[in-house]
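Dear colleague,

Please find below the structure that I am handing over to you. A short account of the findings follows it.

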Amino acid sequence: KVHRLIVPEDAERVRRAFLHAGDGGVDLLIEYRINRPDGALRWVRTRARREQVGNGASVWNGFSEDVTAEKESEAQSGALQQRLVEVTENVPCTVFQLQHGADKRLNAVFVSENIYGMIGITREMLMADIDVLQSMILPEDMGSMFAALDEAQREQRPVFFDFRLRDTSLALRWIRGSLSTPKMQEGGLVWSGAWLDITDIKELE
């Protein structure tokens with residue numbers, strides 16, 4: 001029987017899911033692993049509903065599907081995402097993506113964690129409200145970032161620009177920004193780039 005193929009680590013969870021769905025009259029949706037008779041490990045997704053047929057009897061109506069390929073794809077995607085995180089956290093700059101949405105507002109859709117070590121704000125703060133960064137930039141340098149965005153879009157080429165800001169300790173920092181050629185993605189125009197702290201270089205000039 002099929003239940004004998006379920007891997008031991010998943011068997012109790014599957015049993016409890018069937019009991020919960022049956023007693024509560026709710027639809028069952030569960031994913032679990034089985035060991036096929038040929039030894040292959042497969043992922044299975046089962047959807048079912050328990051229905052009364054009279055005289056206190058009931059039957060389960062539903063279906064199961066093999067979702068091994070989907071699970072393997074998710075695992076590969078997760079591994080790639082983890083590798084990307086490891087790379088961006090170990091380069092000497094902050095990697096970011098900026099999006100110009102339909103509302104014409106500029107948003108940070110990705111920022112690497114090391115933004116905190118550079119200027120003292122977290123990636124979550126910046127992704128929630130890019131005005132946090134803009135408020136730190138010196139007023140006379142504010143236009144350089146927007147000019148770079150326009151240039152990258154107009155010229156369809158990467159651009160570089162320098163600007164100054166005061167970090168959370170109020171120390172003056174020089175930042176060199178780089179922007180890729182923008183690409184249209186779902187939700188608006190997206191620029192990828194990096195910010196590098198060049199304060200030490202500027203102090204030597």
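**Salt bridges and strand pairing**

A network of salt bridges links Glu-31, Arg-45, Glu-65, Glu-70 and Lys-71; a salt bridge here is a side-chain nitrogen of Lys or Arg within 4 Å of a carboxyl oxygen of Asp or Glu. The model is predicted, so local features need pLDDT of at least 70 and side-chain atom pairs count only at pLDDT 80 or more, while totals for chains, interfaces and linings use all residues. Residues are numbered from 1 along each chain as its sequence is written, and side-chain values use heavy atoms, with hydrogens and water left out.

Strands are DSSP runs (E, at least two residues), numbered from the N terminus. Glu-65 is partly exposed at 30% relative accessibility, whereas Arg-45 is buried at 11% (buried is under 20% relative accessible area, exposed over 50%, partly exposed in between, with a 1.4 Å probe and protein chains only).

S2 (residues 41-54) is antiparallel to S1 (residues 28-35), to which eight bridges join it. Ten bridges pair S2 with S3 (residues 57-66), again in the antiparallel sense; strands count as paired if DSSP finds at least two bridges between them. In S3, Phe-63 stands opposite Arg-47.

In total, the structure holds 20 salt bridges. Among them is that of Asp-38 with Arg-36, at 2.6 Å from N to O.

Notes: Helices (H or I, at least four residues) and strands (E, at least two) are DSSP runs, numbered from the N terminus.
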